[in-house]
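This report covers a helix packing contact and a set of aromatic pairs.

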Amino acid sequence: MGRRIWSLAHGRQIAFGSTAVVMGIVNVTPDSFSDGGRVETIEAAVKLALDLRSAGAEVVDVGGESTRPGGESITALEEQRRVIPVVAELARHPQIIISVDTYRAETARIAIDAGAHIINDIGGLQGEEGIALLAARSGCGLVAMHNGRDRDRLPDPIDDQLTFFQRSIEIARAAGVPDEAVVLDPGFGFAKDPDENIEIIARFGELLRLGYPMLVGTSRKRFLGHVTGRPVDQRDTATAVSSAILRLRGASIFRVHDVASSVDALKLADAILRSQGGSPTS
């Protein structure tokens, strides 16, 4: 793949190379699966984002609606009420690159206008078509996540990933989104059982054939609890281990709750890759 630059809104960019990129999670929701209700004010959200940045996160991902199984759906206006003031305040801190976790085109548009650099779409561009059009117009970075919910899936989990992503890529290109703006996410935990999640990790290299940088989000997911027997608030060690494994297998960006533990694990993975004379993107 070679060294790549991820092109983002407002003239920002991220270089993929010998160092893993960490994305810290800021959930401004009352019901997220592991940290719901932790952040109840704009000030608390901004403080958390700054703390995540200090711990080593290059990007913070702000979300206003829980996407856990059975999570309560909210209106677009409520999502915007939660997210946009946080984005606007974070935009005053130029050391932070801001991602917004939304599948709604209007929320994405307002967030970019408020200063966000990346849209993280759990619908993989296959929900609201305006997401791709917005990315083309604004120049924002775009994460297209694989999602198995509410659709028929192929029996082989990697075949399903590749087929889904090929459609996402077609949508992005048809809208005029440059390849340099797109990152893919295999969507760990989204309509995948524990065995499927493990198989995706084991066969992760097959996803690199698509030629795009990969973002992964295993943080505190249920399949880690299935493997370790740990409750959700005790899965940061397993998260860090899975992040390191996925780094060695080719992932570039790591979306996590506990930044410090994953940063340490990823530093070790990066050192191993350097000793081998390369990186996942070289």
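## Packing of helix 8 and helix 9

Helix 8 (residues 236-249) and helix 9 (residues 259-275) have axes 8 Å apart and pack at an angle of about 25°. The two are therefore roughly parallel (angles under 35 degrees). Their crossing is right-handed. Contact (heavy atoms within 4.5 Å) involves D236, T239, A240, S243, A244, R247 and L248 of helix 8, together with S261, S262, A265, L266, A269, D270, I272 and L273 of helix 9. By class, this contact has 8 nonpolar, 4 polar and 3 charged residues.

## Basis of the model

The model is predicted: local features need pLDDT of at least 70 and side-chain atom pairs pLDDT 80 or more, whereas totals for chains, interfaces and linings use all residues. Residues are numbered from 1 along each chain as its sequence is written, and side-chain values use heavy atoms, leaving out hydrogens and water.

## Aromatic pairs

The whole structure holds 3 aromatic pairs (ring centres within 6.5 Å). In one of them, W6 and F16, the ring centres are 5.9 Å apart and the planes at 25°, so the pair is stacked (planes under 30 degrees apart). W6 belongs to strand 1 (residues 4-7) and F16 to strand 2 (residues 13-16), so the pair ties together parts 10 residues apart in sequence. W6 is buried at 1% relative accessibility (buried means under 20% relative accessible area, with a 1.4 Å probe and protein chains only). F16 is buried as well, at 2%.

F188 and F223 are also stacked, with ring centres 5.9 Å apart and planes at 25°. This pair links distant parts of the chain, 35 residues apart: F188 sits in the loop between strand 8 (182-185) and helix 6 (194-202), and F223 in helix 7 (residues 222-228). F188 is buried at 1% relative accessible area, and F223 is buried at 4%.

Terms used: Axes are lines fitted to C-alpha atoms, for helices over the stretch in contact, and angles run from 0 to 180 degrees between N-to-C directions. Helices (H or I, at least four residues) and strands (E, at least two) are DSSP runs, numbered from the N terminus. Angles under 35 degrees count as roughly parallel, over 145 as roughly antiparallel, 65 to 115 as roughly perpendicular and the rest as oblique. A crossing is left-handed if the near helix is turned anticlockwise from the far one by less than a right angle, and right-handed if clockwise. Ala, Val, Leu, Ile, Met, Phe, Trp, Tyr, Cys and Pro count as nonpolar, Asp, Glu, Lys and Arg as charged, and the others, Gly among them, as polar. Rings of Phe, Tyr and Trp (its six-membered ring) pair if their centres lie within 6.5 Å; planes under 30 degrees apart count as stacked, over 60 as edge-to-face and the rest as tilted. Buried means under 20% relative accessible area, exposed over 50%, partly exposed in between (1.4 Å probe, protein chains only).
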